Amino acid sequence: MDSSSRFTDRRSVDARAARAARWMLALGVTLLSSACAQVPPAAEETYKPTPGQVGKDVVWVPSPPAVVERMLDIAKVTRDDFVMDLGSGDGRNIIAAGRRGARAVGVEFNPDLVGLSNRNAARQGVADRASFVQGDMFAADISQASVLALFLLTDNLRRLTPKFIDMKPGSRIVVNYFGIDGWQPDYEEEMKSDCEPWCVIKLYIVPARVAGKWRLAEGELELEQRFQVLFGTYTANGKKADITNARMEGDRIRFGIGGVQYTGRVQGSRMEGERSGGATGAWTAQR
Ligand SMILES: C[S@@+](CC[C@H](N)C(=O)[O-])C[C@H]1O[C@@H](n2cnc3c(N)ncnc32)[C@H](O)[C@@H]1O
């Protein structure tokens with residue numbers, strides 16, 4: 001065999017091999033796609049929760065979509081927030097927060113709902129910001145959250161209240177329908193359209209803790225605190241008087257002494273601000 005016929009033979013072998021490879025590839029693709037078409041989706045892919053289904057401490061009932069968005073509006077969620085939902089169901093509050101650019105984590109006891117939430121987050125393109133953990137909400141660390149978006153029973157909220165008041169002052173807790181016992185909402189709204197049922201939204205702003213004695217320039221303030229509502233007395237020159245119109249909004253405080261209105265900010269063991277009314281100018285107080 002001369003060198004040119006060897007070359008011709010080599011080329012025809014190469015061509016046959018290439019044809020066979022193309023054929024096998026096409027066959028492989030066909031087999032793979034028909035296999036994919038025939039294998040039913042994994043059970044978890046088709047998991048569909050039923051409203052009212054049993055949950056560990058509360059059943060699953062989803063917040064209506066319009067309520068979810070309005071809750072986040074009322075809590076003024078931005079990309080700077082870290083949002084958590086305790087009992088996050090199918091993930092809707094957390095995914096909606098992720099769509100607003102916030103970092104968000106849902107805690108859900110039911111692992112099927114956690115799987116569904118993760119798939120929903122991926123489908124909606126927010127899996128990098130919105131994530132879910134399987135766990136008990138009563139054991140969850142909420143200390144870093146700036147916003148909680150919740151739909152729980154009053155009894156659940158009561159158990160969580162000690163953790164709520166330990167959150168950073170100014171954190172917002174926005175709830176659907178059921179409220180927190182003994183804590184007046186800072187804002188409440190009933191949605192009349194696009195919503196049925198479970199359409200009352202309540203906002204609670206975590207107050208700085210100020211109960212106790214504070215020294216002002218000329219007297220002593222003694223405060224009692226029920227969430228954001230303050231009561232107390234001011235004592236100066238041996239005279240004691242009740243303070244009036246006294247409340248917190250996050251770390252901001254206001255109260256009245258006689259005809260003078262005090263507004264200011266609390267930072268640890270110090271408060272400072274401005275007076276108006278019968279006296280004006282700056283004021284400070286120390287614990
Ligand atoms: C009323 S649904 C609210 C779902 C969601 N937050 C919403 O607004 O649509 C309450 C959820 O809490 C979950 N859950 C019940 N007990 C729990 C617990 N101890 N820890 C975590 N999740 C719990 C239930 O499985 C259910 O998904």
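User: What covers the buried residues of H2?

Analyst: The cover includes helix H3 (92–99), E4, E5, E6 and strand E7 (200–205). Cover is read from contact, meaning heavy atoms within 4.5 Å. H and E labels are DSSP runs, numbered from the N terminus: helices are H or I with at least four residues, strands are E with at least two. This is a predicted model, in which local features need pLDDT of at least 70 and side-chain atom pairs count only at pLDDT 80 or more, while totals for chains, interfaces and linings use all residues. Residues are numbered from 1 along each chain as its sequence is written, and side-chain values use heavy atoms, with hydrogens and water left out.

User: Which residues of helix H2 are buried?

Analyst: Buried means under 20% relative accessible area, exposed means over 50%, and partly exposed lies in between (1.4 Å probe, protein chains only). In H2 (residues 65–74), Ala66, Val67, Val68, Met71, Leu72 and Ile74 are buried. An α-helix has 3.6 residues a turn, so residues three or four places apart point the same way. Just after H2, Lys76 takes a positive phi of about 55 degrees.

User: How many residues of H3 are buried?

Analyst: H3 is mostly covered, with 6 of its 8 residues buried. They are Asn93, Ile94, Ile95, Ala96, Ala97 and Gly98. H2, E1, E2, H4, E3 and E4 are among the elements that cover them. Gly101 follows H3 and has a positive phi, near 90 degrees.

User: Now the sheet. What is the order of its strands?

Analyst: Strands of a sheet pair through backbone hydrogen bonds, either parallel or antiparallel. Here, two strands pair if DSSP finds at least two bridges between them. The open sheet has 7 strands in the order E3-E2-E1-E4-E5-E7-E6, and the pairing is mixed. Strand E3 (130–134) and strand E6 (187–190) are the edges, each pairing on one side only. From one strand to the next, the twist averages 15 degrees. Angles between axes, which are lines fitted to C-alpha atoms (for helices over the stretch in contact), run from 0 to 180 degrees between N-to-C directions.

User: In which sense does E2 pair with E3?

Analyst: E2 (residues 103–108) pairs with E3 in the parallel sense, over 5 bridges. E2 is mostly covered: 5 of its 6 residues are buried.

User: Which helices lie across these strands?

Analyst: Helix H4 (residues 111–123) lies across E2 and E3, at about 170 degrees to E3. Helix H5 (residues 154–164) lies across strand E1 (82–86), strand E4 (147–150) and strand E5 (172–176). H5 runs at about 175 degrees to E4.

User: Within H4, is Ser117 buried or exposed?

Analyst: Ser117 lies in helix H4 and is buried, with a relative accessible area of 0%. Leaving aside neighbours within four places in sequence, Ser117 is in contact with Gly89, Asp90, Gly91, Ile95 and Phe132. A polar atom of the Ser117 side chain lies 2.7 Å from the backbone oxygen of Leu113. Pro111, also placed in H4, is exposed, at 55% relative accessible area.

User: And Pro64: where is it found?

Analyst: Pro64 is in the loop between helix H1 (3–38) and H2. Pro64 is buried, with a relative accessible area of 10%. Not counting residues up to four places away in sequence, Pro64 touches Asn176, Cys195, Glu196, Pro197 and Trp198. Pro64 and Arg92 are 28 residues apart in sequence but 9.4 Å apart in space, C-alpha to C-alpha.

User: Last, the ligand. Which residues come nearest?

Analyst: A residue counts as near if one of its heavy atoms lies within 4 Å. Of the 22 residues around the ligand, Asp57, Ser63, Asp85, Gly87 and Glu108 come nearest. A polar contact is a pair of N or O atoms within 3.5 Å; within protein, one must be able to donate a hydrogen and the other to accept it, and residues adjacent in sequence count only if both atoms are side-chain atoms. The side chain of Asp57 has an N or O atom 2.7 Å from a ligand nitrogen. A polar side-chain atom of Ser63 is 2.6 Å from a ligand oxygen. For Asp85, a side-chain N or O atom is 2.8 Å from a nitrogen atom of the ligand.

User: How much of the ligand's accessible area does the protein cover?

Analyst: Accessible areas come from the Shrake-Rupley method with a 1.4 Å probe; for residues, only the protein chains shown count as cover. On its own, the ligand has 600 Å² of accessible area, and the protein covers 99% of it.
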